[in-house]
Amino acid sequence: MTVIFYLSAIIAVAATFLAITRTNAVHALLYLAVSLLAVAMVLFTLGAPFAAALEIVIYAGAIVVLFVFVVMMLNQGTATIRRERAYLTPSMWIVPGLLTLVLFAELVCVVAWVPEAAGAPAEAIGPKAVGMALFGPYAIAVEMASLLLLAGLIGAFHLGRRDEE
Amino acid sequence: MTQNASIVEDLRLRFPGTSFDPQSTRDDVPTVWVPSGKVRDVLRYLKNEVLRPYKMLFDLTAVDERCRADRPAQATGDFSVVYHLLSLDRNSDIRVKTSLDGDAPSLATITNLWPCADWYEREVWDMFGIGFEGHSNLRRILMPPTWEGHPLRKDHPARATEMGPFQLPDEKQAVEEEALRFRPEEWGMKRESENSDFMFLNLGPQHPGTHGVLRVVLQLDGERIVDAVADIGYHHRGAEKMGERQTWHTYIPYTDRIDYLGGVLNNMPYVLAIEKLAGIAVPDRAQVIRVMMCELFRIASHLVWFGTFAQDIGQMSPVFFAFNDRERILEIVQAFCGARMHPSWFRIGGVAQDLPNGWDRLVRGFLDYMPSRLAEYDKMVMQNAIVKARTVGIGDYTADEAIEWGVTGPGLRACGVEWDFRKKRPYSGYERFQFDIPTAQHGDCYDRSVVRVEEMRQSLRIVEQCLKNMPSGPYKSDHPLAMPPVKDRTMHDIETLITHFLGVTWGPVIPAGEAAVIAEASKGANAYYLISDGGTNSYRTRIRAPSFPHLQMLPKISRGFMTADILAILACIDFVLADVDR
Amino acid sequence: MREIVFHLLVVVCVLGGTLSMAGALIWLERRLLALWQDRYGPNRVGPFGLFQPVADAIKIFTKEDWIPPFADRAVFVAAPAVIVVTVLMSFAVVPFAPGVWVADLNVGLLFLFGMSSLGAYSLILAGWASNNKYSLIGGLRAAAQTISYEVFMGLSLMGVVMLAGSFSLRAIVEAQQGVWFCVTQFPALVVFLIAGLAETHRLPFDMPEAESELVAGFHSEYSGMKFGMFFVGEYLAITLLSALATVLFFGGWLGPVLPPLVWFVLKTGALICGIILLRASLPRLRFDQLMSLGWKILLPVALLNIVVTGAIALLGK
C-alpha cells in the first residue's frame with residue numbers, strides 16, 4: 001500500500017508539473033486529468049474510497065472534460081501556443097515558484113515534525129460514514145455549499161440566456 | 001388561342017410603341033419577341049401587374065442562333081434569351097424572347113424579380129457567355145471556374161477528340177488547385193459576426209448525406225446554420241450539348257440518365273416534344289403502356305427517396321425494405337424491356353416493343369403486394385414520433401415562396417397548391433385515369449414526405465387502371481417519322497427499303513419548329529424544349545429539370561436550422577444530382 | 001492459494017469472455033439486423049457466418065495503420081485505447097454469479113460511474129486529435145452528451161442504492177431476492193436504459209458519429225485496428241450496459257432451476273438483443289432534442305424517483 005501511495009504521489013506531482021509546462025492546452029488538460037486520477041489513487045490508499053471515486057467522477061470525469069470541451073470550442077491555433085511559450089520564461093514563473101517552494105517546505109516540516117497528522121487511517125471510510133458525517137456534524141456547511149451552488153446555477157442560467165431578439 | 005392573342009394584346013396596350021412580335025411555335029405557347037432593353041419591364045408587368053399574373057419563372061435559357069438555317073425572322077442577333085413563364089391562375093404559359101448581338105452580349109438581370117433567376121442566369125452565362133448586368137454573383141455554375149469558352153455556343157467543340165489531348169502539367173494543376181481554395185467572401189459569407197467566429201463546414205462533394213456529388217458549404221454558428229451555399233456542377237455531363245450531336249432517336253437513352261432514378265419518366269417529355277414537332281399521333285395502347293411504365297417508375301423513384309430519407313434521419317431499416325420493393329418494380333421493368341434502371345423504352349411514336357405475354361400477372365402480383373407494405377411503412381416511418389420531431393416544421397416554405405422559386409411537383413403540392421401537370425395539362429391520355437392530387441398544408445419536410453407517400457398510392461391506382469383497361473392495337477404509330485420504322489412495311493420494293501434504311505441509320509428528319517412539353521416527373525415538372533432546324537438532330541435541346549430550382553432554394557429553407565436538419569431538408573427536396581447538373 | 005488461483009481464473013475469464021463477447025456481438029448484431037431487414041447478413045464464413053468476426057479481425061489487423069499527417073499523433077493513438085480500457089475496467093466490479101467477480105468494491109457503483117465518465121475522454125480526444133471538423137463536431141457532441149447523461153444515469157440509480165442500502169453491486173443483487181428492482185424502480189430503469197444508450201452512443205442517440213451528417217463523427221479519420229478499438233469498445237459498452245441493467249434491475253444471477261451464471265448470461269443476452277432491435281427500428285434524434293429530452297424529462301423523472309423512493313424507504317423504517 002505504501003509503495004502504491006508514493007508511486008501515485010510521484011505521478012501526481014510529475015503530471016501536475018507537466019500540466020503547467022505544456023504549451024498545448026489540451027495536452028496540459030490531459031496531464032491535469034492524469035494528476036487527478038493519481039490523487040484519487042492517493043485518497044484510495046489513505047482509506048477514503050468514497051472520496052477517491054468522487055474525485056474521478058466529478059473532477060477527472062466531468063470538470064476536466066468540460067475544460068477540454070471549452071478548449072476544443074475555442075479551437076486555438078498556433079498563435080496561442082506561441083503566446084503560451086512566451087509565458088514560460090523564468091521571469092513569469094520564478095516568483096510563484098519560490099512562493100510554492102516555501103509552502104512545500106512548510107508542508108515537509110509539518111509532515112516531519114508532527115507525525116500523527118499524516119498517520120495512516122485505522123480503517124477505510126465508506127460512503128455511509130461520509131454521509132453520516134456530512135448530514136450530521138457538517139449539515140450546516142453542506143446546506144451553505146448547496147445554497148452557494150444554487151446561486152451559481154441561477155447566475156449561470158441568467159448569464160447564459162440569450163435575449164429574444 | 002384567344003387567350004394567347006389576348007395576352008399579347010394586353011402587352012401592346014401596356015407598352016405602346018414597343019414591338020411585340022409573336023412567333024408561332026408547335027406547342028402553341030404564346031411566344032413574343034421583345035427588344036432586349038424592355039425585357040425586365042415586360043417581365044415585371046407579367047409577374048406583378050397583369051390580371052391573373054404569371055407568377056412562376058419556369059425556365060430561363062438561351063439559344064445560339066448563329067448556325068441556325070431555319071431561323072425565325074425575329075431572331076436578328078447572334079443569341080436569343082428565352083424566358084418561360086407559367087401562370088397557375090390561367091393554367092397557361094408565355095415565352096418571352098429577346099435577341100442579342102455580338103460576342104459578349106449582355107442583358108439586365110431579373111434576379112430582383114425572381115430570386116430563382118440567380119442560378120438560371122449563371123447557367124446561361126456559363127454556357128453561352130451572355131452577361132447579366134446587376135447580377136450579384138455571376139460566376140460559372142456547372143463548369144469548373146478555370147474552364148475556357150462557353151460550351152453551348154456552336155463554336156465550342158462537343159467531343160473530347162475535337163479539343164486536343166488532355167494534359168495536366170504541374171503549373172496547370174497548381175492553378176486548378178488554387179481555384180478550389182475556399183474563400184468565404186467569394187461565396188457571400190462573412191468569417192465572423194459581432195460575438196462569434198463562424199465555422200465553415202464543407203459538406204461534400206464526397207459525403208454520405210448528400211446523395212451524390214453535391215457540395216454544400218455551411219456557415220455555422222455552433223451547430224446552427226447561418227448560411228448554406230450549394231455548389232453544383234460535379235455531375236455535369238453536357239447532356240444539352242449531346243442533344244445537338246445525337247440524332248433525335250439516339251438521344252433517348254441520354255434522357256434516361258438525366259434523372260437516373262426516373263427511368264422512362266425522362267423519356268416522356270422528350271418523345272412528346274418530338275411528336276409535337278413531327279405531328280405524330282400515338283396509338284392508345286402505346287399511350288397506356290407509357291402511362292403504366294411512368295407510374296411504375298414514379299413509385300420506384302419515390303421508394304428510393306423514401307428509404308434514403310429515413311436513412312438520412314438515422315433510421316436504418318426502411319432503406320432495405322424500400323430497395324427490396326423497388327427491386328420488384330425493376331424486375332417487372334426488366335421483364336418488359338430487358339433493362340432495369342435505364343430502359344430507354346419509349347420511342348418516337350410509341351414504345352420499343354409490345355408488352356410480353358403474361359405481363360398482367362407480373363403487374364397484378366405487384367399491385368397485390370405493395371399496398372400492405374405501404375401501410376407498414378406508414379406505421380414505421382410516417383407515424384414515428386422521432387421522425388415527426390425531426391421533420392415537422394423543418395425547412396418549410398409557403399405556397400407563394402414555392403411559386404416564386406420555381407418549385408414544382410410534391411414540393412409545391414406540400415404547401416397546399418393542387419397542381420399536377422397530369423391533371424392540369426393531361427398528356428399521353430392521363431385525362432382518362434382517375435386519381436387524386438395529394439396535397440398538404442405546411443410545406444415542411446414532413447408534409448413533403450406525406451405527399452410523396454400518398455403519391456405512391458395514387459400511382460398504384462393508375463397502374464391498376466392500366467392493367468384493367470389495357471387497349472389492344474399497335475404499340476407504335478405508323479407515321480413515317482415514328483422510329484424505328486415498322487419492319488413489315490419495308491420488304492416490298494427498293495423505295496420502302498431505302499426509306500427504312502435511312503430511318504434506321506440517320507433517323508427521322510423532324511420538321512423545323514420549336515416545341516416544349518412539360519411532364520410531371522417524380523421530382524417535379526420536367527420539360528424538354530426542342531428546336532428543330534429541319535435536320536436529323538436537334539438544333540437546341542433544353543432540359544428544364546425540376547431538381548435545379550429545388551436545390552437552389554436550399555439556403556433559403558435551411559437558414560436558422562441545425563446541422564442535422566440540413567440532411568433532412570436535402571432528403572426531402574428529393575433531388576438527383578444528375579438532374580441538377582445534366 | 002486456491003483462492004488466488006480461482007481469482008486469477010476469474011480475471012482471465014472475464015477479460016477473455018468480454019472480449020470474445022464483443023466479437024460474437026458483431027456477428028449477432030449483423031445477423032439480427034439482417035433478419036429484421038429482409039436480407040441475409042454475413043453467412044459465408046463458416047457455418048451461419050460464425051467466423052465472420054475472425055475474418056473481420058484478420059482484415060482489421062492487417063490493414064494499413066494510417067495516421068493523418070495533420071493529426072496530433074500521441075493523443076490520436078491513445079484515444080481508442082481509453083475506451084477499451086475503461087469499459088474493461090468496469091467489468092471488474094460486475095458480479096456474474098455468487099463469488100464470481102473480480103472485485104467487490106463497497107463503492108462499486110461509483111467506480112462504474114467514474115469509469116464511464118473517463119470513457120468520454122476517448123471520444124472527445126479522438127475528435128480533437130483528428131484535426132478534422134467533422135471529428136471535432138462529433139467530439140463536442142460526445143462531450144456534451146456523455147456529461148449530461150452521466151448525471152441522469154447516476155441520479156436514476158440512487159433509488160436502487162437507497163433500497164439496497166449499498167453501492168456494492170453484490171449487495172444490490174442480494175437485495176433483489178424478493179422483488180426485482182425493475183418492478184419497484186421502474187422509472188429508474190427507463191431513465192437508466194435511455195441514459196445508458198446515450199452513454200454508449202447507440203441509435204437513437206448516436207449523434208457523435210451520425211453517419212448521414214458527420215460522415216463517421218469522432219472516428220472519421222481512424223482506420224485499421226485503431227478504428228477496431230472503437231468498434232470493440234462500442235460492443236463492450238453494450239455488453240456492459242446490459243450486464244449492469246441485469247445486475248441493477250433484473251436480479252443479476254437470481255433465478256430458479258438454472259445455475260446462476262446461466263441466468264445472468266440469459267438476461268444479459270436478452271437485453272443485448274433488445275438494444276439491437278432498437279437500432280433496427282428507431283431514427284436518430286437531433287442533438288438539441290437529445291439535450292432537452294435529458295434535462296426536461298429524464299432529470300425531473302429521476303429526481304422525483306429519488307424523492308419518492310427516499311420517502312418510502314424512510315417510512316418503511
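**Figure 1. The two assigned domains of chain B in the predicted model**. In this predicted model, the domain assignment of chain B gives domain 1, residues 3-153, and domain 2, residues 239-581. Taken over C-alpha atoms, the centres of domain 1 of chain B and domain 2 of chain B are separated by 27 Å. Domain 1 of chain B brings 24 residues to the contact, and domain 2 of chain B brings 30 residues. On the side of domain 1 of chain B that touches domain 2 of chain B, β3 (56-64) and α3 (117-128) of chain B each supply at least two residues. β3(B) gives the largest share of that side, six residues. By residue class, the side of domain 1 of chain B that touches domain 2 of chain B holds 14 nonpolar, three polar and seven charged residues.

**Figure 2. The hairpin of β13 and β14 in chain B**. Strand β13 (residues 513-520) of chain B has eight of its eight residues buried, so the strand is largely enclosed by the rest of the structure. B:G513, B:A515, B:V517 and B:A519 point one way from β13(B), while B:E514, B:A516, B:I518 and B:E520 point the other way. Both sets are buried, B:E514 and B:E520 included. Strand β14 (residues 525-532) of chain B runs antiparallel to β13(B), and eight bridges join the two. Within this pairing, B:I518 stands opposite B:A527 in β14(B). Four residues lie between the strands of the hairpin. One residue of the turn, B:G524, has a positive phi of about 155°.

Figure 3. With neighbours within four places in sequence left aside, B:R328 is in contact with B:F366 and B:Y369. B:R328 and B:Y369 are 41 residues apart along the chain, and their C-alpha atoms are separated by 9.7 Å.

Figure 4. Phi of B:S344 is positive, near 45°, in a residue other than glycine. Most residues other than glycine have a negative phi. B:S344 is buried because 20 other C-beta atoms lie within 10 Å.

**Figure 5. Helix α1 of chain C and its packing**. Helix α1 (residues 2-36) of chain C has 35 residues, which at 1.5 Å a residue should span 51 Å. The end C-alpha atoms of the helix are 48 Å apart, which agrees with that span. The buried residues of α1(C) are C:T18, C:M21, C:A22, C:L25 and C:W27. An α-helix has 3.6 residues a turn, so residues three or four places apart point the same way. The partners of the buried residues of α1(C) are α2 (52-62), α3 (73-90), α10 (224-249) and α11 (260-281) of chain C. Just after α1(C), C:D38 takes a positive phi of about 60°.

**Figure 6. The side of chain C that touches chain A**. The contact joins 20 residues of chain C to 17 residues of chain A. In chain C, α4 (108-129) and α5 (133-164) each supply at least two residues of this side. Ten residues, the largest share, come from α4(C). The side of chain C that touches chain A divides into 16 nonpolar residues, four polar and no charged.

**Figure 7. The loop between α4 and α5 of chain C, with C:N131**. C:N131 lies in this loop. The phi of C:N131 is positive, about 55°, although C:N131 is not a glycine. C:N131 is partly exposed because 16 other C-beta atoms lie within 10 Å.

**Figure 8. The side of chain C that touches chain B**. Here 23 residues of chain C are in contact with 27 residues of chain B. The elements of chain C that give two or more residues to this side are α9 (211-214), α11 and α12 (287-316). The residues of the side of chain C that touches chain B are ten nonpolar, four polar and nine charged.

Definitions and conventions. Residues are numbered from 1 along each chain as its sequence is written. Chains are lettered from A and ligands numbered from 1 in the order in which they are written. This is a predicted model: local features need pLDDT of at least 70, side-chain atom pairs count only at pLDDT 80 or more; totals for chains, interfaces and linings use all residues. Two residues are in contact if their C-beta atoms, placed from the backbone, lie within 7 Å. Ala, Val, Leu, Ile, Met, Phe, Trp, Tyr, Cys and Pro count as nonpolar, Asp, Glu, Lys and Arg as charged, and the others, Gly among them, as polar. Domain bounds come from an automatic or database domain assignment. A residue is buried if 20 or more other C-beta atoms lie within 10 Å of its own, exposed if 12 or fewer, and partly exposed in between; C-beta atoms are placed from the backbone. The expected span of a helix is 1.5 Å times one less than its number of residues. Two strands pair if DSSP finds at least two bridges between them.
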